[in-house]
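Have the sequence and the model side by side as you read. The walk goes from single residues to strands, then to whole chains.

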Amino acid sequence: MLMSNVRLLIGTRKGAFILTSDGTRTDWEISGPHFAGWEMYHLKGSPIDPDRIYASQTSGWFGQLIQRSDDGGKNWEAVGNEFNYVGVPGTHKWYDGTQHPWEFKRVWHLEPSMADPDTVYAGVEDAALFKTTDGGKTGRELPALRGAKGNLWQPGAGGMGLHTIILDQGNPARMFVAISAAGAFRTDDGGESWKAINRGLKSPYELPDPDAEVGHCVHRIAMHPARPDVLFMQKHWDVMRTDNAGDEWREISGDLPTDFGFPIQVHATEPETIYVVPIKSDSEHFPPEGKLRVYRSRCGGDDWEPMTKGLPQKDCYVNVLRDAMSADALEPCGIYFGTTGGQVYGSADDGETWTAIVRDLPAVLSVEAQTLP
Amino acid sequence: MIRVVLPYHLRTLAGADGEVALEIEGPATIAAVLDALEARYPVLRGTVREHGTLKRRAFIRFFACKEDLSNEDPGMALLEAVVKGEEPLFIVGAMAGG
């Protein structure tokens, strides 16, 4: 396994960075900033052609671009930047309760296909799902998603973004997405129809109706490819789990010091081992007591242990955003996360010990680990 | 030739070095300059004005001869000094505060 290499794709508020190491994961080379000064929401490589990398480059001034690299991030090409909703976009719920037209703002997440390097799904704000089959040059919305009570979806304070896309390698017709603040959704027919899968979620402070089908502020969903019916969720508050592909969720927050947070990650080879980074509250987006702790459960939730070795245990007030945690596929498993303070931390031993790979990047928006031959 | 000064990020995106000189056929208007700019650098489509509507993006400004032309009709004739190449048309990212 030491012959393998690891590449981390880091999106930040002011550019992208690429971190590479051999399988020891002790010494890292850092390249960047790529697209200096631009917000790089997310970069992700094709699972079947890892040197094919897609990146979301965005700016409040100049709009959205999709960049593509065919050589592992050394060279890039701006391949497309047009995102049009299908038909009349319609309206969703606005902050004041009125209906508001759908307006494209940016791409939050890119999910390359497991079968074709030219096919990529894009989760966008205002929430919708797009698909390209020509390597990012053109894209088309899968509009049925917004038919899943889209008129009731409402932006959270961070915007109404589709931030999570999970593909099922064994069942290409199935896909999961999650939206803030609408909830989680599943298709079983390749995006022709969608079902809200939010039963069991409780959001009494944000959503008084305990039976509300949509409107939950899901922060992140994670799945192990070997267990496609088991999903783990970090909700605004609460860490949740489903064993039937989202038909019913149950809480697994257990003994966490707080169940608020953003990312959730599954171990590469242990489907019941999961990681979260507890954050004090929705009002105070930093670790409780100023101690940055990754919590690990090795039994699928409820029982959690703090991972602290190498992480700051005093005066730490950074946040870890929803797309900013990832795992490699080596043994032991490498876990990585980036902070709003610009640190990228890595563990090469399942989360037991941590080191700062780099400390002073711009605020980290996303981290993706690639395991290379 | 009409001289156009792009903001830094659009220069790097387009791979343009310094000012851009554009030959305009027909009436010299902001719309015609942007048409020519996007024809020369297709990557800039959608970055200065929106796809489809061709409306100026909200945080883009057009300045020339010490005047703010941002809210003028894009079909309005450009000032003579710009048409003659004596003064550039500036495409500017709006101030962001902070």
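Where is the place of A:P33 in chain A? A:P33 sits in strand β3, residues 29-34. Helices here are DSSP runs of H or I with at least four residues, strands are runs of E with at least two, and both are numbered from the N terminus.

A word on the basis. This is a predicted model, in which local features need pLDDT of at least 70, side-chain atom pairs count only at pLDDT 80 or more, and totals for chains, interfaces and linings use all residues. Residues are numbered from 1 along each chain as its sequence is written, while chains are lettered from A and ligands numbered from 1 in the order in which they are written.

Start with the backbone. Most peptide bonds are trans, and most residues other than glycine have a negative phi. The bond from A:G32 to A:P33 is cis, with omega near 5°. The bond from A:S180 to A:A181 is also cis, with omega near -5°. A:A181 lies in a loop of chain A, between β15 (175-180) and β16 (183-187).

Next come positive phi values. A:D302 has phi near 75°, a positive value in a residue other than glycine. The loop between β24 (294-297) and β25 (305-307) of chain A holds A:D302. A:D350 is not a glycine either, yet its phi is positive, at about 65°. A:D350 belongs to the loop between β28 (344-347) and β29 (355-358) of chain A.

Are these two residues buried or exposed? A residue is buried if 20 or more other C-beta atoms lie within 10 Å of its own, exposed if 12 or fewer, and partly exposed in between, with C-beta atoms placed from the backbone. A:D302 is partly exposed, because 15 other C-beta atoms lie within 10 Å. A:D350 is buried, because 21 other C-beta atoms lie within 10 Å.

Now turn to the strands. Strands of a sheet pair through backbone hydrogen bonds, either parallel or antiparallel. Here, two strands pair if DSSP finds at least two bridges between them. Take β24(A). Strand β23 (residues 274-276) of chain A pairs with β24(A) in the antiparallel sense, over 3 bridges. A:V276 stands opposite A:Y295 in β24(A). The pairing of β24(A) with β25(A) is antiparallel too, over 3 bridges. In β25(A), A:P306 is the bridge partner of A:Y295.

Which way do the residues of β24(A) point? In a regular strand the side chains alternate between the two faces of the sheet. A:V294 and A:R296 point one way from β24(A), A:Y295 and A:S297 the other way, and all are buried.

Further along, 4 strands of chain A form an open antiparallel sheet in the order β26-β27-β28-β29. The edges are β26 (325-327) and β29 of chain A; each has a single partner strand, so one side of each is left without a neighbour in the sheet. On average, neighbouring strands of this sheet are turned by 25° against each other, direction ignored. For this angle, axes are lines fitted to C-alpha atoms, for helices over the stretch in contact; angles run from 0 to 180 degrees between N-to-C directions. Within the sheet, strand β27 (residues 335-338) of chain A and β28(A) pair in the antiparallel sense over 4 bridges. A:Y336 has A:G346 as its bridge partner in β28(A).

Step back to the whole of chain A. It has 0 helices and 30 strands. Its C-alpha atoms fill a box of roughly 50 × 45 × 40 Å along the principal axes. Of its 373 residues, 52% are buried.

Chain B has 3 helices and 5 strands. From the N terminus on, they run β-α-β-α-β-β-α-β. The C-alpha trace of chain B spans about 35 × 30 × 25 Å along its principal axes. Buried residues are 26% of its 98.

Finally, the interface. Two residues are in contact if their C-beta atoms, placed from the backbone, lie within 7 Å. On that basis, 10 residues of chain A are in contact with 11 residues of chain B. The chain A side divides into 4 nonpolar, 5 polar and 1 charged. Ala, Val, Leu, Ile, Met, Phe, Trp, Tyr, Cys and Pro count as nonpolar, Asp, Glu, Lys and Arg as charged, and the others, Gly among them, as polar.
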